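User: I have a model open and would like to go through it with you. Can we start with the basic terms?

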2 protein chains.
Amino acid sequence: MSLVDRERIKLWALQKIIGPELERFDQVYDDLVRGDTPLINEICNHVKKGKSKRFRPTLLLLSAKHDGGIDESAITAAACVEMIHTATLLHDDFIDEALTRRGLPSVTHHWGPSTALVMGDYLYSKALDCLVQAELHDALRMLARTTVLMSQAEMMQIETKYDLSISIEQYLKIIYRKTASLIESTCEIGAGLNPELKDRAKIFGEFGSKIGFVFQITDDIFDYLGDERRLGKPTGQDWEEGRITLPLIAALNNAPESEARALLDGAKDLETEDRKAYWPEVKTFVMKHGGVDKARDMARVYGDEAKQAITPVARGVQKDLLAVSVEYVLKRLN
Amino acid sequence: MSLVDRERIKLWALQKIIGPELERFDQVYDDLVRGDTPLINEICNHVKKGKSKRFRPTLLLLSAKHDGGIDESAITAAACVEMIHTATLLHDDFIDEALTRRGLPSVTHHWGPSTALVMGDYLYSKALDCLVQAELHDALRMLARTTVLMSQAEMMQIETKYDLSISIEQYLKIIYRKTASLIESTCEIGAGLNPELKDRAKIFGEFGSKIGFVFQITDDIFDYLGDERRLGKPTGQDWEEGRITLPLIAALNNAPESEARALLDGAKDLETEDRKAYWPEVKTFVMKHGGVDKARDMARVYGDEAKQAITPVARGVQKDLLAVSVEYVLKRLN
């Protein structure tokens, strides 16, 4: 069984628990983004074809699930989280000049960067407006903060582009803001809309944050190891585009000074094409000096911390949430 | 006295009434956007050098001014409005590939499109987060809606690019969402934070909306007539970039069918360079068939409606607001 299959099955197991609510989520999401202008509809239909894994909505709905079911407010909140997530993907693809997304042409490539920019703005603002309308004050508070953090992270990535002196602390600060903070909000919002868990919502937030770290670190490892889910996407994209991630930072910390110096000297002032040519050396260096191993270890630690955070409060369906979703993000590494 | 001077003096007269509060506004605005990342600071300093006319903050603070002064909450709200306005300028400059803004290099030109995109996202999200933190619920509600409308307008502009069959109704719908809705919110928020005017805030919103129409229509007329404030910027930018605005729509409606047909045939499928070459014909057509006159008439009607809206509720400083700000936007046409 391929990695793709194994991973999908894990997620399906999670999603089976909340099947009807996920269907309702799809409806609510469609209704919210539909009908404003013809081009908005057209792009929404396109994005929908790309089939989101609905990882964040799944976590939110599982956190919100109580004995009486899942409240409609949680479904609305899940739709807003997914809109914000989609907005960041559109803007990310713009920044990275990505040609494809989820096996389809990216919006920036197909409709042009201006349209991708405006569509992202639309989804961001629509999500926040929807939270205001639905009077989901806590969700609004958390997601307003999160969108600030995410844009700060984008700016920090621009600031540290090509910067080989970036520390693990800076890297972790960036991925917290870029990825972990939204998953943190997602889980905290879900639990906050769960009458049985309302007072323990912060712990669900902590759980989500840790899961978010695992998620981003594994993504960054895939850029070194390759990953079948990426449909033949070559490794080294992060390196080429100047994103210095954990495996390389850890290898630089771990290597003898002379070898690190040699790598840095070779990488100095490279033009785009030369960066590509230099990639095999970077990859060899990272593997040799345990960069991927270190990143994998850190991902496991975050996974353990996620489990520890939620163990004292988990019960019933949240036990499944705990067991399966930590495994889901970690298993991507095996 | 030049048009620039006359216009500045009008605005100064308005701003003198709220001098200390505008100073406080500058401080609050600076504090809010400062300190997050070095690049954010750098860009904020650059944008600040470009000296905003602070038209929206001025309207908000004037609307909020009561016998006891202006509440701090209104100053915070004004800062948030200015952040949102600045965010739209950054994204607009990217879409229009503008080289300059307020006499300085545009952010997209100087730092690149990705940075302009992220900086816009940052200012948008920061403004909404700030409104949440300050618990300015009404302002948040209005501005969340307004940001949706503004992104819809951007999308509608992309949809109707080069479309010579656009109607006056469609044009008005776009400029309401793009320009008037933010000025509407601005005035309604200000009056809503004024204990003496709270119950008449909607009327101030209507006033702001009408002013917004005048503002955008005069801007679109300048693209035909030329305008010294634009520092030698040539006319015909809107035409070249495919924005079909009121003067041309009105002229097409007004011209004999054969002449309109001839213009449309000549304009069919033009490449960018050919659009530029065709501009003198477009301009001559618009002047001949009263497009600018019609646009000017409509601006005056909106100006009158603004006055009518606010006359029954104006008192004290709001009388100045009424007299000066309608004149301010209309005088730009003389």
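Analyst: Start with contact: two residues are in contact if their C-beta atoms, placed from the backbone, lie within 7 Å. In chain A, residues 24 or more positions apart account for 75% of the contacts with a separation of 6 or more. This is a predicted model, in which local features need pLDDT of at least 70 and side-chain atom pairs count only at pLDDT 80 or more, while totals for chains, interfaces and linings use all residues. Residues are numbered from 1 along each chain as its sequence is written, and chains are lettered from A and ligands numbered from 1 in the order in which they are written.

User: How many helices and strands does chain A have?

Analyst: Chain A has 16 helices and 2 strands. Helices (H or I, at least four residues) and strands (E, at least two) are DSSP runs, numbered from the N terminus. The radius of gyration of chain A is 20 Å, close to the 20 Å from the globule rule for 334 residues, so chain A is as compact as a globular protein of that length. That radius is taken over C-alpha atoms, and the rule is 2.2 Å times the number of residues to the power 0.38.

User: What share of chain A is buried?

Analyst: Buried residues are 50% of the 334 in chain A. A residue is buried if 20 or more other C-beta atoms lie within 10 Å of its own, exposed if 12 or fewer, and partly exposed in between, with C-beta atoms placed from the backbone.

User: New topic. Where do the two chains touch?

Analyst: 34 residues of chain B are in contact with 34 residues of chain A. On the chain B side, helix 3 (38-49), helix 5 (72-95), helix 7 (113-133) and helix 8 each give two or more residues. That side divides into 18 nonpolar, 8 polar and 8 charged residues. Ala, Val, Leu, Ile, Met, Phe, Trp, Tyr, Cys and Pro count as nonpolar, Asp, Glu, Lys and Arg as charged, and the others, Gly among them, as polar.

User: At what angle do helix 3 of chain A and helix 8 of chain B pack?

Analyst: They pack at about 95°, with axes 8 Å apart. Axes are lines fitted to C-alpha atoms, for helices over the stretch in contact, and angles run from 0 to 180 degrees between N-to-C directions. In this pair, A:P38, A:L39 and A:I40 meet B:M155, B:I158 and B:E159.

User: Last one. Where does A:D269 lie, and what is its phi?

Analyst: A:D269 lies in the loop between helix 13 and helix 14 of chain A. Its phi is near 50°, a positive value in a residue other than glycine. Most residues other than glycine have a negative phi. A:D269 counts as exposed because it has 6 C-beta neighbours inside 10 Å.
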